[in-house]
Amino acid sequence: CHLIHYLRLSHHLIVLNYLICTFDKLKSVSSEDINITDTVFDGVEVRVFEPPAKRDERLKRSVIYIHGGGWALASARTSLYNNLCRIMAQSLNAVVVSVEYRLVPEVCFPEQFHDALRATKHFLQPDVLAEYSVDPSRIAISGDSAGGNLAAAVCQELSKDENLTIRPKLQALIYPVLQAFDFNTPSYQQNMNMPVLPRYVMINYWIDYFNGNYDLAHSLLINNHTALDVGQALSFRGRLNWTSLLPSSFKKNYKPVIQTTGEAEIIQEIPALLDVRAVPLLAENETLQLQPKTYILTCENDVLRDDGVMYAKRLENAGVEVTLDHFDDCFHGCMIFTIWPTDFSAGVQTRNSYIKWLDENL
């Protein structure tokens, strides 16, 4: 894929996603247990999973799900996410709406955010909820990895929209990516070479999402973009101080990497690095106070572990009820790997814990 990109035959992410979806994409296959339909919500493609109506049941609960893949890969229609959403719909007897947002490099930030927001707001309209027999008071928004990023950002945006009459009751974030401020948190240092999502890969995903230049990767890695002399970053520093937000069991013996002098031009070139629609962990406390009851799943062997733990702490400090579900022996992306040939016990374990929380709280 990278050779193709180097030769300028195509973008490597286009080729990689083509390979993934060619071998894995499913048609809309309904069954007696679940009716699956592909439709469009305000210009955004979605896949809807509907369990059959039960006797004497009027309204169902619902989950809006946003898939991961670094804002660039995968699909609501791939077997891994199709399987996850089908099991969620069956286990919860809930209508699950899986959002098929546009991907990098076709579009970059903020278009993925706008797609997820438009689809969500469309579904939250009273007449649309009535069409799907959904209880307006029992809706969750959820996502994994980059989808967790979008779910958190959309939830923050909805909480500030005074015109909305219906908002999610819950948010459930699975190993979410929430900040591009500090690439040297303890989990980034501890897991920098961990398979599935090494640190350099996550940095490249951010660069692709922002349509930036790969030449900036090393400067981002050493936090030059948030050095002490970068004025634009100063007001955000207190919101992402992992020395106070992380418990000692996560901080271990790692030390902060804070540059005295850096490169302010990086923020000028990519201002989205400090845009809360892209980096929800940097939101102000007034916004965090408006967030619904929250579930955050984190894995020890994951560069993004501390993103989720810090968000949980900030939400808790803002008065939000939070469940932090941490797995010491699991890795980034594990929850979708539950079908052959990648049927891992870590996937089943995390998925069951996530669905159990939704079942008890939604």
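**Core, cavity and backbone features of the model**

When neighbours within four places in sequence are left aside, Tyr311 is in contact (heavy atoms within 4.5 Å) with Ala152, Gln156, Gln171, Leu173, Leu178, Pro280, Leu281, Leu288, Gln291 and Ile296. The model is predicted, so that local features need pLDDT of at least 70 and side-chain atom pairs count only at pLDDT 80 or more, whereas totals for chains, interfaces and linings use all residues. Residues are numbered from 1 along each chain as its sequence is written, and side-chain values use heavy atoms, with hydrogens and water left out.

Tyr311 is among the residues with the most contacts inside the largest nonpolar core, which has 90 residues, and the others named in this group are Trp71, Phe123, Met202, Trp206, Tyr209 and Phe210. Such a core is a set of buried Ala, Val, Leu, Ile, Met, Phe, Trp, Tyr and Cys residues joined through side-chain atoms within 4.5 Å. The largest share of this core, eight residues, is supplied by helix 6 (helices are DSSP runs of H or I with at least four residues, strands are runs of E with at least two, and both are numbered from the N terminus). Apart from this core lies another one of 36 residues, which includes Ile36, Leu84, Leu92 and Phe337.

Trp71 is found in the loop between strand 3 (60–66) and helix 3 (79–92). Because its relative accessible area is 0%, Trp71 counts as buried (under 20%; over 50% is exposed, and in between is partly exposed, with a 1.4 Å probe and protein chains only). Beyond four places in sequence, the contacts of Trp71 include Leu103, Val104, Gln112, Met202, Trp206 and Tyr209.

A search of the whole structure finds one cavity of 30 Å³ or more, where a cavity is a set of points on a 1 Å grid at which a 1.4 Å probe fits but cannot get out. The largest cavity holds about 40 Å³ of space, a volume being the space filled by probe spheres set on the points, which are joined across faces, edges and corners. Its lining (residues with an atom within 4 Å of a point) consists of Phe113, Ala153, Gln156, Glu157, Lys160, Val276 and Arg277. Helix 6 (residues 146–159) gives the most to this lining, with three residues.

Asn361 lies in helix 16 (residues 345–361) and, at 14% relative accessibility, counts as buried. The side chain of Asn361 is joined to that of Lys293 by a polar contact of 2.6 Å (N or O atoms within 3.5 Å, one able to donate a hydrogen and the other to accept it; residues adjacent in sequence count only if both atoms are side-chain atoms). A polar atom of the Asn361 side chain also lies 2.7 Å from the backbone oxygen of Trp357.

Several backbone features fall in loops. The loop between strand 4 (94–100) and helix 4 (111–123) holds Pro105, and the peptide bond from Val104 to Pro105 is cis, with omega near 5°. Pro110 lies in the loop between strand 4 and helix 4, and a cis peptide bond with omega of about 10° joins Phe109 to Pro110. Asn93, in the loop between helix 3 and strand 4, has a positive phi of about 50° although it is not a glycine, and its relative accessible area of 14% makes it buried. Lys252, in the loop between helix 12 (248–251) and helix 13 (264–269), has a positive phi near 50° and is partly exposed, with a relative accessible area of 40%.

Note on methods:
1 Å grid on protein atoms, 1.4 Å probe; cavity = no way out; pocket = protein on both sides within 12 Å on 5 of 7 lines; lining within 4 Å.
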